[in-house]
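Hi,

Here is the structure I promised to pass on.

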Amino acid sequence: MEKWLSLWSIGQNGNISDFTDIKQSGFDGIEIWAEHSCSKEYLNLAKKSGLRIGLHLPFHDLNLATPDKILYERTHQILVEWLATLSHYGGKHATIHGGYAWSSEERDETLIRVRERLLILSEEAEQYGIELLLENLIPDSLNYCHHFASNVDEWIELIRFANMKVCLDIGHLAVMGNDLETTIKQLGSYLGAVHLSDNDGKSDLHLLPGEGINLSAGLNGYLANQKFSGPIVYEINPYKYSLKEIINYILMTKV
Ligand SMILES: [Zn+2]
């Protein structure tokens, strides 16, 4: 298993010495946060620093599940452009959100669209030598919209159909209300990456491990049982912690 850092966690003002510190503190790689205005610059800094590179594809304004044909075409185009860029930098995985149905009543018909769109995109990703990973999302508590995927059965159905793997966000899973060990067993060889942070089981707080209800307790053992060898990506709230605090945590706990 490798230890990675989401660049969401460093904010938008990172420089080369931050990347050197990330590397020296023991992180093996970084996951680019595509919506950062400096995300392309971060790709160069990561490469210079000898860090492995992955990507969290953009999702704001880009609803993969949209019923609007033109919005979908634009969304698809932006996602494919990012896959090409990632491949240029030697990246091997891209995490994606499946979008959302405009209302929960439209879930079933929208699910069919999402499945087909993910299949098309995972085939494109394969051409670029990239593994596309579908992340689990927090259900809309009002049941107003429906996020894909926000329950485990739906998640597994989608990745089987689209021939892709998953990025398991353990913070999202806790808010979904699912047990970590059971879910990791269900996902088995579909596990491509893990997003790690802590929370209170109610909100997606992206805390350092141990500052919530200790969601990552037992995680390494559960993953080892499935022979997981992919990245564990620390996805820590940049509005609560500085990079220095994150690195100090990593050095102190020797995780
Ligand atoms: Zn995500």
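The buried residues of helix H3 (residues 69–88) pack against strand E3 (residues 52–56), strand E4 (residues 93–96) and helix H4 (107–127). Contact here means that the C-beta atoms of two residues, placed from the backbone, lie within 7 Å. Helices (H or I, at least four residues) and strands (E, at least two) are DSSP runs, numbered from the N terminus.

Before you go further: this is a predicted model, where local features need pLDDT of at least 70, side-chain atom pairs count only at pLDDT 80 or more, and totals for chains, interfaces and linings use all residues. Residues are numbered from 1 along each chain as its sequence is written.

Back to H3. Which of its residues are buried? They are Thr75, Leu79, Trp82, Leu83 and Leu86. They sit on the same side of H3, because they cover an arc of only 105° around the axis (the arc is that of the directions from the helix axis to the C-beta atoms).

H3 has 20 residues and spans 29 Å from its first C-alpha to its last, close to the expected 28 Å (1.5 Å times one less than its number of residues). Just after H3, Gly90 has a positive phi of about 80°.

Now for E4. Both of its faces are covered: His93 and Thr95 are buried on one side, Ala94 and Ile96 on the other. In a regular strand the side chains alternate between the two faces of the sheet. E4 pairs in the parallel sense with E3, over 2 bridges, and with strand E6 (residues 131–135), over 4 bridges. To count as a pair, two strands need at least two bridges found by DSSP.

Ser141 counts as exposed because it has 8 C-beta neighbours inside 10 Å.

Cheers

Note on methods: A residue is buried if 20 or more other C-beta atoms lie within 10 Å of its own, exposed if 12 or fewer, and partly exposed in between; C-beta atoms are placed from the backbone. A crossover is right-handed if, with the strands pointing away from the viewer, the path from the first strand over the helix to the second runs clockwise.
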